[in-house]
Amino acid sequence: MSALPGSAEGAATTGLVDSPVEPVTADLPPLTEQTRLEAREIIARYPQPRSALLPMLHLVQSYQGYVSPEGVALCAEELGLTKAEVGAVATFYTMYKRRPTGRHLVSVCTNTLCAVLGGQRIMDALSADLGVHHDETAADGSVTLEHAECLAACDYAPVVTVDYEFYDQQDVEGARALVAALRRGEKPHPTRGAPLTDFRGVSRQLAGFSQHADAAAAGAAVDAPGEWGPTLAGVRLAAERGESAPPMSGPEPEPTDTGEPAETVAPSGQAGQTPEKEAADARVAAADNPAERAGAAQTHPDEGTEYGRTTPPGSRPTPDTPAGTEPGTSGQGPATREA
Amino acid sequence: MPLTPVLTSRWGADQPWRLSTYESLDGYTALRTALSMTPDELVSLVKDSGLRGRGGAGFPTGMKWSFIPQPKPGETATGPAALPKYLVVNADEGEPGTCKDLPLMMTDPHSLVEGVIISAYAIRCRFAVIYVRGEAVHAHRRLVSAVEEAYAAGYLGRDVLGSGYDLELVVHAGAGAYICGEETALLDSLEGYRGQPRLKPPFPAVAGLYGAPTVINNVETLATVPFVVRGGAEWFKRFGPEKSPGPKIYSISGRVVRPGQYEAPMGTTMRELLAMAGGVRPGHELKFWTPGGSSTPYFTAEHLDVPLDFDSVAAAGSMLGTTALMVFDETDSIVEATLRFTEFYAHESCGKCTPCREGTYWLVQVLQRLVDGRGTAADLDLLTDTCDNILGRSFCALGDGATSCITSSLKYFRDDYVALLPPEEQARLGRSLRLEPVGAAS
């Protein structure tokens with residue numbers, strides 16, 4: 001079996017005859033002409049073929065449970081890339097597995113918030129129960145265990161996912177019972193998410209295909225009931241308090257002597273606080289700060305990424321590099337570094 | 001301030017993710033209005049509303065759209081203006097603490113789809129992509145379903161609602177890389193490469209996806225657009241401060257009684273939000289919190305009255321980020337919390353820029369030995385020096401974000417670091433602070 005990525009020439013150069021990729025097991029279903037047709041269907045979705053690579057790798061996992069050398073070769077052939085190019089992409093992303101996964105993938109969030117609320121204890125307990133560490137598969141092939149970075153469910157912490165479906169607000173005993181059930185072949189219903197299938201099934205969905213036999217089953221997955229307490233916490237509290245957003249239509253707000261637009265915000269009910277005062281307080285507090293002076297109008301649309309490129313005031317300037325010339329900044333950007 | 005459900009207003013409905021529910025609650029009425037306007041009128045409307053991007057940086061959305069080069073009337077377009085335009089939705093939510101976009105896509109995916117169609121029309125784009133985080137399979141499932149429903153109802157595809165406007169929308173699953181939330185890394189990933197940031201300029205507005213003009217907007221930003229179209233700019237400005245108006249989804253998590261999503265006007269304070277969430281768990285008190293995820297410098301109890309809008313939070317020394325309010329109490333060790341966050345950045349650094357790749361690795365080593373009681377007096381300065389050598393020295397903001405929790409924790413809780421030093425090391429600092437170490441698990 002060839003290395004991932006690699007070639008005979010590469011092996012000759014490095015002296016490495018083996019690769020970290022385990023040999024394909026005999027019972028691994030082969031990739032077929034059907035797989036190729038599906039790969040081409042993915043390619044057709046995009047203006048440029050290579051955009052299909054990530055979904056195609058999900059497709060490979062849907063058949064073989066990991067990114068196999070055979071799957072790398074298929075992607076390379078269909079996209080006119082080298083296996084090395086495909087392998088370079090596959091090894092970058094956490095969700096592409098380099099060894100065969102178990103039937104289910106159990107991910108335990110051990111990022112800060114989940115960890116302090118018990119996520120680390122859950123991970124330790126499952127690791128002990130299964131006799132495996134991070135990114136390893138139980139001997140019976142039932143479950144692959146991994147610790148995950150933030151799964152964007154912090155209001156349900158600590159969270160565990162099985163095949164990426166949420167099992168919320170877990171504790172050690174609950175998580176152990178969940179994994180024990182999975183090993184018995186049961187599929188406990190997620191707190192939020194569709195009825196469990198398996199890792200390969202959900203990989204098929206991520207490739208952009210239905211993993212269900214018919215439309216009814218697919219619909220049932222979409223409509224699966226769940227427990228949505230934290231998601232709805234604010235909506236329910238607003239109903240309880242009788243609070244709502246200002247209406248969009250209907251009579252315009254009474255003109256007032258101040259002419260300020262915030263009057264129609266419903267009162268908070270706090271003694272002595274009028275909506276006018278609250279709104280005015282916010283404006284006063286918001287005014288007169290360096291970030292405002294920096295002037296959004298001077299900034300470029302792409303200054304600032306989804307992380308927030310701007311450096312907060314109080315951060316130390318970097319005097320040895322002129323503003324606008326250091327990597328990652330732009331002369332067009334806001335002058336917040338000086339703030 | 002009161003709660004003001006707008007984006008969350010449909011969340012409590014029966015099956016809000018279904019088109020029939022969405023339409024019964026005024027869904028897709030904004031699209032009809034938008035299609036009766038010209039693209040330029042829409043850009044002006046969103047500019048006038050003051051809507052700023054909800055993905056963290058807070059850039060004015062209408063202005064971002066206006067940077068897309070468009071052909072001049074009556075002239076043959078050349079350069080970028082002649083290329084196709086793309087709209088890419090950043091749905092790669094993964095910043096620790098951030099959990100607003102996934103619930104939005106799971107409960108009300110059509111609001112995003114409608115926002116995408118309107119925004120794509122405004123920038124004259126005919127191919128849009130929602131890049132959704134791979135692990136978010138349920139959000140992905142409901143988005144795919146919503147897009148299928150929208151195609152079937154004539155909101156997507158050829159000749160949208162008989163307007164002559166064509167739009168294709170693809171839901172694209174990522175594969176587990178936080179860095180792909182950085183917009184240029186997202187573009188590389190969407191093009192089928194390793195997700196590594198690009199050096200800017202050129203900016204995506206000129207050379208984005210496939211080298212063509214591209215707008216990248218966050219989920220919450222685009223889901224807000226239909227409400228701006230329906231309510232108008234003046235209505236939108238009734239929420240919150242003049243320079244960052246609008247309703248905002250605040251995500252409260254951690255040591256509070258009722259964690260969850262609370263939608264209130266921009267500029268609501270943590271004191272008000274904590275009260276909504278039932279306060280810190282009984283018998284405990286707030287120690288530190290993040291205003292907008294792990295990349296934003298910590299705040300403490302002294303910041304409870306800072307209005308949580310872009311400018312006020314920046315003035316107070318942090319960033320609004322994604323309004324991900326993680327709450328920690330006195331049982332939580334700030335040094336251990338900081339170590340965990342730093343491990344996250346070390347894992348998620350794409351490796352392209354040396355300061356970030358190497359710096360985050362070494363920060364973990366230093367923090368780990370401090371937590372293990374093996375630190376030295378010099379380590380505190382070493383942390384600061386290392387942060388200085390990362391901040392502003394990498395292509396993207398991941399490296400900058402990695403320094404926030406360290407710099408701010410040293411600023412507010414230096415004694416907690418000192419208390420972890422062995423006695424002889426404390427003596428070097430000329431002080432003794434043998435506090436009881438607090439366990440993260442207690």
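The dialogue below treats one feature of this predicted model at a time.

Q: What helices and strands does chain A have, and what percentage of its residues is buried?

A: Chain A has twelve helices and five strands. Of its 339 residues, 46% are buried. Contacts along the chain may also be sorted by separation in sequence: among those in chain A between residues at least 6 apart, 60% join residues at least 24 apart.

Q: Which residues have the most contacts inside the largest nonpolar core?

A: The general idea comes first. In soluble globular proteins, nonpolar side chains tend to be buried together. In this model, the largest nonpolar core has 208 residues, and B:Val88 and B:Val116 are those with the most contacts inside it. Leaving aside residues up to four places away in sequence, B:Val116 touches B:Leu87, B:Val89, B:Ala128, B:Ile130, B:Leu169 and B:Leu222.

Q: How many residues of chain A are in contact with chain B?

A: On the side of chain A there are 100 residues, in contact with 122 residues of chain B. Helix H10 of chain A, residues 229–241, gives the most to this side, with ten residues. By class, the side of chain A that touches chain B has 53 nonpolar, 27 polar and 20 charged residues.

Q: Which domains are assigned in chain B?

A: The domain assignment gives domain 1 (19–236), domain 2 (247–329) and domain 3 (336–428). In chain B, the C-alpha centres of domain 1 and domain 3 lie 36 Å apart. Nine residues of domain 1 of chain B are in contact with nine residues of domain 3 of chain B. The domain 1 side consists of six nonpolar, two polar and one charged residues.

Q: Why do the buried residues of H14(B) line one face of the helix?

A: Consider first how a helix turns. An α-helix has 3.6 residues a turn, so residues three or four places apart point the same way. Helix H14 of chain B, residues 378–390, reaches 19 Å from its first C-alpha to its last, close to the 18 Å expected. Its buried residues are B:Leu383, B:Thr386, B:Cys387 and B:Ile390. Seen down the axis of H14(B), these buried residues fall within an arc of 100 degrees, so they line one face. On the other side of H14(B), B:Asp381 and B:Asp385 are exposed.

Q: What covers the buried residues of H14(B), and which residue follows this helix?

A: The cover includes helix H13 (354–371) and helix H15 (397–419) of chain B. H14(B) is followed by B:Gly392, whose phi is positive, near 75 degrees.

Conventions: Residues are numbered from 1 along each chain as its sequence is written. Chains are lettered from A and ligands numbered from 1 in the order in which they are written. This is a predicted model: local features need pLDDT of at least 70, side-chain atom pairs count only at pLDDT 80 or more; totals for chains, interfaces and linings use all residues. A nonpolar core is a set of buried Ala, Val, Leu, Ile, Met, Phe, Trp, Tyr and Cys residues joined through C-beta atoms within 7 Å. A residue is buried if 20 or more other C-beta atoms lie within 10 Å of its own, exposed if 12 or fewer, and partly exposed in between; C-beta atoms are placed from the backbone. Two residues are in contact if their C-beta atoms, placed from the backbone, lie within 7 Å. Helices (H or I, at least four residues) and strands (E, at least two) are DSSP runs, numbered from the N terminus. Ala, Val, Leu, Ile, Met, Phe, Trp, Tyr, Cys and Pro count as nonpolar, Asp, Glu, Lys and Arg as charged, and the others, Gly among them, as polar. Domain bounds come from an automatic or database domain assignment. The expected span of a helix is 1.5 Å times one less than its number of residues. The arc is that of the directions from the helix axis to the C-beta atoms.
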